[in-house]
Amino acid sequence: TSTENEVSTELSDLSPEIQCSSSQCDELETVELVRGDETFRITYKVYENELELPSIMKLIQKDLSEPYSIYTYRYFIHNWPKLCYLALYENKCVGCIVCKLDIHRQMIKRGYIAMLAVDKDYRKLKIGTTLVQKAIRVMIANQADEVVLETEITNQPALKLYENLGFVRDKRLFHYCLLYTSPSPRDRQKS
């Protein structure tokens, strides 16, 4: 059983660079990133259609420990397509984030980061940070009150990324795994 941490933040506690106007929530942006003597031209874009789903699934299945069914991806991406961003290098998906935004306990509008993955060959370029910032900007533009996520406690790079963005560890979920039997977004296979 993997042990998970729930990480959350009040939106007012986020790093200042996340706070933005709606004009910063662009759906397409290309930037040049430098790592050592290499330059990468990364394009960030919002999910457009089902043809992008296989590359999102391939990246997430390779980098995350939890197996998701196609129904889980479709649940998030079809219901909240503007909260799914891709990072592309030479038209190859090298990073993605999948999120949702809905009412929690009939009281607050809660953003949820369901999946974040960056290809190991493209890490240390701030692609993960940028994807999270873009998704949160859209959540802010849509009046989110808070944003939450879960990550494995052993995933120190992810914990550091989220803490650098202003997230705090909220609670530890000791038995965070469910049977992988239905198309629910929370289904997880026991490890």
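Biologist: Hello! Which pattern does the protein chain follow when read along the sequence?

Modeller: Welcome! The pattern is β-β-β-α-α-β-β-β-α-β-α-β. Please keep in mind that we are looking at a predicted model. In total, the secondary structure of the protein chain amounts to four helices and eight strands.

Biologist: What share of the residues in the protein chain is buried?

Modeller: A residue is called buried when its relative accessible area is under 20%. Of the 191 residues in the protein chain, 50% are buried. The chain exposes about 10300 Å² of surface, and carbon and sulfur atoms supply 50% of that area.

Biologist: And among contacts between residues at least 6 apart in sequence, what percentage join residues at least 24 apart?

Modeller: A contact needs heavy atoms within 4.5 Å. Within that set of contacts in the protein chain, the share is 67%.

Biologist: Let's turn to helix packing. At what angle do helix H1 and helix H2 pack?

Modeller: The angle is taken between the N-to-C directions of the helix axes, on a scale from 0 to 180 degrees. For H1 (residues 53–63) and H2 (residues 70–79) the angle is about 115°, and the axes lie 11 Å apart. Their crossing is right-handed. On the H1 side, the contact uses Leu-53, Ile-56, Met-57, Ile-60 and Gln-61, while H2 brings Ile-70, Tyr-73, Arg-74 and Ile-77. By type, the residues of this contact sort into seven nonpolar, one polar and one charged.

Biologist: Now for the rings. How many aromatic pairs does a search of the whole structure find?

Modeller: The search turns up nine. To name the geometry of a pair, look at the angle between the planes: over 60 degrees counts as edge-to-face. Take Phe-40 and Tyr-122: their ring centres are 5.8 Å apart and their planes stand at 75°, so this pair is edge-to-face.

Biologist: Where do Phe-40 and Tyr-122 lie?

Modeller: Phe-40 belongs to strand E3 (residues 38–46), and Tyr-122 sits in the loop between strand E6 (108–118) and helix H3 (127–141), so the pair ties together parts that are 82 residues apart in sequence. With a relative accessible area of 5%, Phe-40 is buried. Tyr-122 is buried as well, at 12%. Another edge-to-face pair is formed by Tyr-68 and Tyr-73, at 5.9 Å centre to centre and 75° between the planes. Both of these tyrosines are buried.

Biologist: What about backbone angles? Is phi of Glu-90 positive or negative?

Modeller: Phi of Glu-90 is positive, near 50°, in a residue other than glycine. Glu-90 is placed in the loop between strand E4 (84–89) and strand E5 (92–104). Gln-106 also has a positive phi, near 55°, and is located in the loop between E5 and E6.

Biologist: Why do Glu-90 and Gln-106 count as exposed?

Modeller: Exposed means a relative accessible area over 50%, so the values decide. Glu-90 has 64% relative accessibility, so it counts as exposed. Gln-106 reaches 78%, so it is exposed too.

Biologist: Then is Asp-119 buried or exposed?

Modeller: Asp-119 is buried, with a relative accessible area of 3%. You will find Asp-119 in the loop between E6 and H3. Leaving out residues up to four places away in sequence, Asp-119 touches Leu-59, Lys-62, Asp-63, Lys-92 and Val-94. One of these, Lys-62, is 57 residues from Asp-119 in sequence, with 8.4 Å between them, C-alpha to C-alpha.

Biologist: To finish, how would you class Leu-149 and Ile-153: buried, partly exposed or exposed?

Modeller: Leu-149 is buried, with a relative accessible area of 1%, and its place is in strand E7 (residues 146–152). The C-alpha atoms of Leu-149 and Met-115 are separated by 8.6 Å, although 34 residues divide them along the chain. Ile-153 has 21% relative accessibility and counts as partly exposed. Ile-153 is in the loop between E7 and helix H4 (156–164). From Ile-153 to Arg-169, the distance is 10.0 Å from C-alpha to C-alpha, with a separation of 16 residues in sequence.

Definitions and conventions:
Residues numbered from 1 in each chain as written. Predicted model: local features only at pLDDT ≥ 70, side-chain atom pairs only at ≥ 80, totals over all residues. Heavy atoms only, no water. Helix = DSSP H or I, 4+ residues; strand = E, 2+ residues; numbered from the N terminus. Buried < 20%, exposed > 50% of the residue type's maximum accessible area, 1.4 Å probe, protein only. Areas by Shrake-Rupley, 256 points an atom, 1.4 Å probe, with all protein chains shown as cover. Left-handed = near helix turned anticlockwise from the far one by under 90°. Nonpolar A, V, L, I, M, F, W, Y, C, P; charged D, E, K, R; others polar. Phe/Tyr/Trp six-rings, centres within 6.5 Å; stacked < 30°, edge-to-face > 60°.
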